[in-house]
Amino acid sequence: RWRRRAILASGLTPPARILDLATGTGIFAYDWLDTLGPGLDIVALDLTPAMLQVAAEVRNGRGQNDPVAFVCGRTETLPFPDKRFDAVSIGLALRNLSCLEASFAEMARVLRPGGTVLSVDFTRPAHPLFRRLYYLYLCKGLPAIGRAISPEWDQTFEYLWRSILNFRTVEDVAGTMEAAGLKNIETHPLTGGIATLLIGTRP
């Protein structure tokens, strides 16, 4: 639901060129196709070849000959020419980037004028009571559920809550986007603020 809202917020209609960053298993890339239909040209980039292999297997399993090209690379040094894409998306991955400033600068560089950056990521709710309850679930409840399923999930969930609590504020991220040359920055809390949709446009 969060990804679909981001895609619709882009205002795009096919044909369009889309770049999905830190694509992982490719779910954001495929959501573009499922939401907007045929006529999209999508490039899905990830740092890890093994994840791109999984994303390719997902594409094969869909059986739709999806027009998605997979590229191994870093968000901080995108291997694409200037003004190449109509939109750049990134889902639940800003917290994992080594340099947010360089990454947003690269996103702005590869966007055509009028193109948009769309980021959906976990954030910290603004409402004090809801934030307190959410932290209890995030730091205690969710790890307990993970451990009950598999002991190996313990480290995964610990990384998750620590990365969310230690990440920059929404206002800071929005400021970084603006400093990278993006304009008309919008921030939209999702599900009470446990995630936020950030939108920026290349002038």
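## Aromatic pairs

Rings of Phe, Tyr and Trp (its six-membered ring) are taken as a pair if their centres lie within 6.5 Å; planes under 30 degrees apart count as stacked, over 60 as edge-to-face and the rest as tilted. By this rule the predicted model has 3 aromatic pairs. In one of them, W2 and F122, the ring centres are 6.0 Å apart and the planes stand at 80 degrees, so the pair is edge-to-face. W2 belongs to helix α1 (residues 2–9) and F122 to strand β5 (residues 111–122), so that distant parts of the chain, 120 residues apart, are linked. Helices (H or I, at least four residues) and strands (E, at least two) are DSSP runs, numbered from the N terminus. W2 and F122 are both buried, where buried means under 20% relative accessible area, exposed over 50% and partly exposed in between (1.4 Å probe, protein chains only).

The rings of F80 and F85 also form a pair, with centres 5.3 Å apart and planes at 90 degrees, which makes it edge-to-face. F80 is buried at a relative accessible area of 13%, and F85 is buried at 2%.

## Helix α2 and its contact with α3

Helix α2 (residues 27–36) packs against helix α3 (residues 49–62) at an angle of about 30 degrees, with the axes 11 Å apart. Axes are lines fitted to C-alpha atoms, for helices over the stretch in contact, and angles run from 0 to 180 degrees between N-to-C directions. The two helices are therefore roughly parallel (under 35 degrees; over 145 is roughly antiparallel, 65 to 115 roughly perpendicular and the rest oblique). Y30, L33 and D34 of α2 meet A55, A56, V58, R59 and R62 of α3, contact being heavy atoms within 4.5 Å. By class, the contact has 5 nonpolar, no polar and 3 charged residues; Ala, Val, Leu, Ile, Met, Phe, Trp, Tyr, Cys and Pro count as nonpolar, Asp, Glu, Lys and Arg as charged, and the others, Gly among them, as polar.

Of the 10 residues of α2, 8 are buried, so the helix is largely enclosed by the rest of the structure. G37 follows α2 and has a positive phi, near 85 degrees.

## Cysteines

The structure holds 0 disulfides, a disulfide being a pair of cysteine sulfur atoms within 2.5 Å. For C72, the nearest cysteine sulfur is that of C99, 19 Å away. C72 is partly exposed at 46% relative accessibility, whereas C139 is buried at 18%.

## Basis

Residues are numbered from 1 along each chain as its sequence is written, and side-chain values use heavy atoms, with hydrogens and water left out. In this predicted model, local features need pLDDT of at least 70 and side-chain atom pairs count only at pLDDT 80 or more, while totals for chains, interfaces and linings use all residues.
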